[in-house]
Structure formats: structure tokens, C-alpha cells
Amino acid sequence: MESVTELMVSATLVLGANRGIGLGFVKRILAYDKESWVYGTYRDRDSAAALFSLAEHEPRLRLLALDVTEESQIEACLLTIGQELKESGRSLTHVINCVGMLHQDNLQPEKSLRQIDAANLLTYFQVNSIASILLAKHLVPLLKQTDRTIFATLSAKVGSIGDNQLGGWYGYRASKAALNMFMKSIALEYRRTCKGAIVVVLHPGTTDTRLSQPFQRNVAPEKLFSVDRCVEQLSKVMAGLTLEDSGEFFSWDGTRLPW
Ligand SMILES: NC(=O)c1ccc[n+]([C@@H]2O[C@H](COP(=O)([O-])OP(=O)(O)OC[C@H]3O[C@@H](n4cnc5c(N)ncnc54)[C@H](OP(=O)(O)O)[C@@H]3O)[C@@H](O)[C@H]2O)c1
């Protein structure tokens, strides 16, 4: 377990906090940093019972409804956070975007070109790629004065073009590759506008969540991380980041991944 100093934060924003890796981050920050506020976003109250039950006993946890495909909701959410932080004299030290989609309802990752569907591709891009650039747009007022803020979005190794050996999963792969390009470009612009921001994309490794559940059969047990282990590993990677790392793509063990 890493020392508590790695998460000595003033306020953290975790998007997709109602389940999976996002919920794991919320729990870890509340447990290891007794001062920090945590803003957690969820999309649907009905699937956020665990998060709401945490908030009942933890006043530092503030919950906000957010569907990341709606820019107006992203803007409103960040305005609220910006206002509260200003009034409390806190600053945002971590923004961790854990929202992502591989399958939902009738949408499954494509195994071949026969399954390509334009509407599904758009959904992948809206959730996995465009959300982060909209977030970056509306984060500027909150980040432009901060000394050190990590803005991390969870990507996936399968979004690496250089590493693609298997094909398939067209929408998910391409939307994560687009996310990576967005984050790289955001890092370059933030160098001028938000000079204390460290912008990175992180591959969490295969982690036991709803997202990976249908695809876990062929994963060796030692390669399937628990949420706690995943969050611990990613926290360690983030704790070691410097401004020079902004614009990079890191794996769960801190190694850099090819674009
Ligand atoms: N688990 C893995 O093995 C693995 C591997 C590589 C990369 N990743 C990446 O890690 C990130 C976290 O995934 P996870 O494993 O924690 O998956 P998860 O348990 O399925 O959680 C995904 C989160 O994204 C939210 N979400 C989806 N669409 C949304 C939308 N339109 N607006 C707001 N929130 C939305 C979900 O909310 P709802 O509950 O409301 O749907 C949920 O909070 C994703 O970016 C994923 O691609 C995961």
C-alpha cells in the first residue's frame, strides 16, 4: 500500500464514480486523505446506490448527476464545482475521468466489419472520446490558476494503434485512439493556458468490473486486477507524475505505451 502522501489532495473530481474503477477511486481517496473533498459524478441515480450510501456517512463526498454526452451538463457541473471551491478556498488537484463504454444494452463490440453500425460508432465516440475534450474545455477556468493538477482519463491499451495485433472492437479501439489524440493535444494547449496541469491517459489493465465481465474468460487470474489493486496501481503512477509527463500514455505499471 502506498503512503497517504500520494493522495494529499484538496479536492478531486472523479467522473463515473458510481461503479467500477471510479467508485474504487472515491473509496480510496476518502480512506487515505482525511482532508480532501471528493466530487463524484453518476449518470443514473438507480445505479448509484453504493455511491449514495457512502455519501450518507461522508460529508466530504459531494455527488453530481452527469451524463457526459451532454455538454450543457458538463458545463453546469463544473460551474457548480468551481463556485464551491472558490468559496471554500480549495483547488482541484485531480480530475480522474473513469467514464467509458465497451458494451451497453444491445451494443456489443464488433467482431467483424459485418457488425459495423454508424449509430453505435457515434455512441462510442461520444462517451469515450468527445466527453474528455468537452471536459477539458470547461475545466480551463478551474485549472488555469492551479499549481499542480492531474487531469487523467482512463483509456485502454487496445486504443494503441501501434500495439494493435488483433483487430476487431472497431468502435472501442478507435474511440480510445481518438481520446488519446485529444488528450495529447489538450496537454499541448494547457502548457500555455493551464500551466500547472499534467494531462495523461492511463491504461488500468484488465480489471474486474462490469465493463470487462463478458470478456474475462480468457484472462489469466493473475492478469485480472481487482478494483482495489487497479486503483492502488494507478494512484502510484499519478503520484509520480511531473509536468514533463504531460501528454503521455501510461500503463498501470508506470511504463509508457506506444500511441
Ligand atoms: N475494466 C477494464 O478491464 C478496463 C480495461 C481497460 C480500460 N478500461 C477503462 O476504464 C474506464 C472505467 O471502466 P470500468 O472498468 O470501471 O467500467 P464500468 O464499471 O462499466 O464503469 C463505467 C462508468 O462509465 C459510466 N458511463 C458510461 N456512459 C456514460 C455516460 N454517457 N455518461 C456518464 N457516465 C457514463 C458508467 O455509468 P453507468 O453505471 O450509469 O453506466 C460507469 O460509471 C473506462 O474508460 C474503460 O474503458 C477498463
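Predicted model: local features only at pLDDT ≥ 70, side-chain atom pairs only at ≥ 80, totals over all residues.
Asp105 sits in the loop between strand S4 (92–97) and H4. Its phi is positive, about 45°, although Asp105 is not a glycine. For context, most residues other than glycine have a negative phi.

Trp169 also has a positive phi, of about 50°, and is likewise not a glycine. This residue belongs to the loop between strand S5 (149–154) and H5. Is Trp169 buried or exposed? Trp169 counts as buried, because 21 C-beta neighbours fall inside 10 Å and the threshold is 20 or more.

Let me turn to the helices that follow these loops. Helix H4 covers residues 118–143 and helix H5 residues 170–193; they pack at an angle of about 10°, and their axes are 8 Å apart. The two are therefore roughly parallel to each other, as angles under 35 degrees are classed that way. On the H4 side, the contact includes Leu121, Tyr124, Phe125, Ile133 and Val140; on the H5 side, Tyr172, Leu179, Phe182, Met183 and Ile186 are among the residues involved. By class, the residues of this contact divide into 12 nonpolar, 7 polar and 1 charged.

Next, the ligand. Which residues are closest to the ligand? They are Gly16, Gly20, Gly100, Thr209 and Leu211, out of 27 residues that surround it. Helix H1 (residues 20–32) supplies the largest share of this shell, with 3 residues. The composition of the shell is 11 nonpolar, 11 polar and 5 charged residues.

One further position deserves mention. Val237 lies in helix H6, which spans residues 227–239. Val237 is buried, as 22 other C-beta atoms lie within 10 Å. Setting aside neighbours within four places in sequence, Val237 contacts Leu202, Phe250, Trp252 and Gly254. Between Val237 and Leu15 there are 222 residues in sequence and 19 Å in space, C-alpha to C-alpha.

Finally, a word on confidence. The protein averages a pLDDT of 95, and 97% of the residues score at least 70. Over residues 1–8, however, the pLDDT is below 50; in the model this stretch has 15 contacts beyond near neighbours in sequence.

Key. Residues numbered from 1 in each chain as written. Axes fitted to C-alpha atoms, helices over the stretch in contact; angles between N-to-C directions. Helix = DSSP H or I, 4+ residues; strand = E, 2+ residues; numbered from the N terminus. Parallel < 35°, antiparallel > 145°, perpendicular 65-115°, else oblique. Contact = placed C-beta atoms within 7 Å. Nonpolar A, V, L, I, M, F, W, Y, C, P; charged D, E, K, R; others polar. pLDDT = per-residue confidence, 0-100. Near = placed C-beta within 6 Å. Buried ≥ 20, exposed ≤ 12 C-beta atoms within 10 Å, placed from the backbone.
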